Amino acid sequence: MSLSTITALSPLDGRYAAKLADLRPIMSEHGYMQRRVQVEITWFIALSDAGFDEFKPLSAGARSYLHSLVSNFSEADSAAIKEIEKTTNHDVKAVEYWIKSRFEARPELEKAAEFVHFACTSEDINNTSHALQLRAGRDKVVLPTLDRIQLKLRDMARQFADVPMLSRTHGQTASPTTVGKEFANVVMRLQTAADRISAVKILGKMNGAVGNYNAHLSAWPDFDWEAFSKKVIESHEPEGLGLTFQPYSIQIEPHDYMAELFDAVARTNTILIDLSRDIWGYVSVGYFKQKLKAGEIGSSTMPHKVNPIDFENAEGNLGLANAMLRHLSEKLPVSRWQRDLTDSTVLRNIGVALGYAVLAYNSLLTGLNKLEINEEKLAEDLNHSWEVLAEPIQTVMRRYGVAGAYEKLKEVTRGKTVTAEALHELIKSLDIPQEDKDRLLAMTPGSYTGKAAELAKRV
């Protein structure tokens, strides 16, 4: 059976392949290989500039050619590396051999070929390559997609800032809010969560087999390898990798920053699960309608249905993403002694975890763009919920020291169908200033929204 979008084992590369086109070049094995080549080339060029008599600075032409191996890296190049791996049975060594094979007929590079992968352990290449993938995946795909969701929610917060809506604490009628304020709540949560994702420092180490520069010092014992490694890792591309230097490690970078990053993404996803479920509920009670799409079918047997499928898709895939992200954050910082391989196979799934998240973000955004507010239904529910005004009435009563204010309103409203007339009779009988009576009498469920509109417009 040939591999295609229909035969792919993962729906990320099957049914949903087109929706993840931006993430695939970064987080796929091809993306991983390209960044391994980038790390090896960056280290190789930096060694030529280190001042060693045995490895003189490379010419401008050689540097340009080496950088082109990275910028022009193709799927055919990945396939060539995989072919070498069939013999080496070692993926990093296959990358090293492929780079050396690109030196043929270039005497300057052939002469220096043994400085490819010099003093490096495989993890020096792998941890920095994963770091480059995560930085690109976060900065080019995850955060921009979350930004689009934030922008949409902010627009909705402002657009619907003045539209009153009945709150539903515990699923029961409660003090009214506005539609815009409810979106504003999510905007602020999401902004904070995205800031946490953005703030995670992406770390890298290049310090040898157990983190002590053993091999490096055996070759040049008087050279400051730690400073050199830091420079390579932290200098801007292409001279360096543009990461944050990790000074202490075993054979592997400890992966604590990965756990921090994945936890931050998972927390963000939890906020969006909350949003997806809330909107699903509001669609169910009729507060929102969904724009129709020509030819689309909601149910195979019930022609009338317009299902909230985008929010259901988002919720399901956010759950899958979080299951994987939480396993990654719990597993990756744990390694037996100086190294075990349990992280290696798990790390190959970071693209899958982020893939489910990005798929969910796009589904959520699609759903948000389909929503239409149903002001008629919102107004109808408010007009049938005069009991919510028990709160302001008893609060004003308390202001003026009316004894048993809460209890009196409880007796009139709890578990009963409350009418405007009944509340107005109560208000008129209160021993409070006429000005406050008039203010309470003018109040409706739809006008009792506090600062909701102001808060919504502020985001």
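**Note on a predicted model: helices, loops and backbone**

1. His170 is exposed, with a relative accessible area of 80%. Here exposed means over 50% relative accessible area, buried means under 20%, and partly exposed lies in between, using a 1.4 Å probe and protein chains only. His170 sits in the loop between β1 (164-167) and β2 (174-178). Its phi is near 60°, which is a positive value in a residue other than glycine.

2. On the basis of the model: this is a predicted model, in which local features need pLDDT of at least 70 and side-chain atom pairs count only at pLDDT 80 or more, while totals for chains, interfaces and linings use all residues. Residues are numbered from 1 along each chain as its sequence is written, and side-chain values use heavy atoms, with hydrogens and water left out. Helices (H or I, at least four residues) and strands (E, at least two) are DSSP runs, numbered from the N terminus.

3. Other backbone points. Most residues other than glycine have a negative phi, and most peptide bonds are trans. Asn89 is not a glycine, yet it has a positive phi of about 55°. Asn89 lies in the loop between α4 (75-88) and α5 (91-101). Asn89 is exposed, at 69% relative accessible area. The Glu237 to Pro238 peptide bond is cis, with omega near 5°. Pro238 belongs to the loop between α10 (225-234) and β4 (244-245).

4. Helix α11 (residues 256-284). Its 29 residues should span 42 Å at 1.5 Å a residue. That expected span is 1.5 Å times one less than the number of residues. The end C-alpha atoms of α11 are 42 Å apart, which agrees.

5. Helix α7 (residues 122-159) against α11. The two pack at an angle of about 20°, and their axes are 13 Å apart. Axes are lines fitted to C-alpha atoms, for helices over the stretch in contact; angles run from 0 to 180 degrees between N-to-C directions. α7 and α11 are therefore roughly parallel to each other. The cut-offs are under 35 degrees for roughly parallel, over 145 for roughly antiparallel, 65 to 115 for roughly perpendicular, and oblique for the rest. The crossing of α7 and α11 is left-handed. Left-handed means that the near helix is turned anticlockwise from the far one by less than a right angle; clockwise would be right-handed.

6. Who meets whom there? From α7 come His130, Ala131, Leu134, Arg138, Leu146, Ile149 and Leu153; from α11 come Tyr257, Met258, Leu261, Phe262, Thr268, Leu272 and Leu275. Contact means heavy atoms within 4.5 Å. By class, the contact of α7 with α11 has 11 nonpolar, two polar and one charged residues. Ala, Val, Leu, Ile, Met, Phe, Trp, Tyr, Cys and Pro count as nonpolar; Asp, Glu, Lys and Arg as charged; the others, Gly among them, as polar.

7. Helix α2 (residues 29-48) against α4. Their axes come within 10 Å and cross at roughly 85°. That makes α2 roughly perpendicular to α4. Glu29, His30, Met33 and Val37 of α2 make the contact with Glu75, Ser78, Ile81 and Lys82 of α4. By class, this contact of α2 with α4 has three nonpolar, two polar and three charged residues.

8. Helix α5 is mostly covered, with eight of its 11 residues buried. The buried residues are Asp91, Val92, Ala94, Val95, Glu96, Trp98, Ile99 and Lys100. Their cover includes α2, α3 (60-71), α4 and α7.

9. Gln150 lies in helix α7 and is buried, with a relative accessible area of 7%. Not counting residues up to four places away in sequence, Gln150 touches Val187, Leu190, Gln191 and Ala194. Val200 lies in the loop between α8 (179-199) and β3 (203-204). Val200 is buried, at 3% relative accessible area. Leaving aside neighbours within four places in sequence, Val200 contacts Arg138, Tyr257, Glu260 and Leu261.

10. Sequence separation and distance in space. Val200 and Arg168 are 32 residues apart in sequence and 36 Å apart in space, C-alpha to C-alpha. Ser4 and Asn349 are 345 residues apart in sequence and 20 Å apart in space, C-alpha to C-alpha. Ser4 lies in the segment before α1 (24-27). Ser4 counts as partly exposed, at 30% relative accessibility.
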